[in-house]
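Colleague: Please walk me through reading a pocket and the helices around it.

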Amino acid sequence: EGFRGLFRGLLPTLLQAIPQSAIQFATKEALQRLLASRRHRLHTQRRSPLLPAAFDTPIAGLGAGCLSKLCVLPLDLIKKRLQVLGAPEAVRQRLQPVTAGQHSAGQGLRGMLELSGHILRDEGVRGF
């Protein structure tokens, strides 16, 4: 497959990773500010918070990670299906439910849009 084969699938990966990172970092910062303001409000009311402050960052990170993945899940599905469609025939036969239908393993954005149309038409919105 040569040098181009080394970078095949890079576009779907970037189209997923960039928005996921942006959403995750922005959401984590917003959640940390929200938790800090809630902690401050409880302190001024002389009430103790449920969890120590050390839990604020992990809780914000957990929420941000879940939300960011949920937002890019359709892009991840398309990326995975394109990977499977590019696999050898023996592998595709074992994964028949995943690759049902006559989809081609197109390249780049055109292949992603084509596969999205097939998923939407064959499986509906729930396919994503």
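**Pocket, helices and a charged pair**

Modeller: Helix H2 (10-44) and helix H3 (56-85) each give at least two residues to the lining of the second largest pocket. The model is predicted, so local features need pLDDT of at least 70 and side-chain atom pairs 80 or more, while totals for chains, interfaces and linings use all residues. Numbering starts from 1 along each chain as its sequence is written, and side-chain values use heavy atoms, without hydrogens and water. Helices are DSSP runs (H or I, at least four residues), numbered from the N terminus.

Colleague: Which helix supplies the largest share of the lining of the second largest pocket?

Modeller: A pocket is an open set of points on a 1 Å grid where a 1.4 Å probe fits, with protein on both sides within 12 Å along at least five of seven lines; lining residues have an atom within 4 Å of a point. Here H2 has the largest share, 4 residues. Leu35, Arg38, Arg39 and Asp56 are among the lining residues.

Colleague: How do the axes of H2 and H3 cross?

Modeller: Axes are lines fitted to C-alpha atoms over the stretch in contact, with angles from 0 to 180 degrees between N-to-C directions. These two come within 7 Å and cross at roughly 160°, so H2 and H3 are roughly antiparallel (over 145 degrees).

Colleague: Which residue forms a salt bridge with Asp56?

Modeller: Side chains of opposite charge can pair when their charged atoms come close. The rule asks for a Lys or Arg side-chain nitrogen within 4 Å of an Asp or Glu carboxyl oxygen. Asp56 pairs with Arg39, with the closest N and O atoms 2.9 Å apart. Asp56 lies in H3 and Arg39 in H2, so the pair ties together parts 17 residues apart in sequence. The count by this rule is 6 salt bridges.

How values were computed:
Angles under 35 degrees count as roughly parallel, over 145 as roughly antiparallel, 65 to 115 as roughly perpendicular and the rest as oblique.
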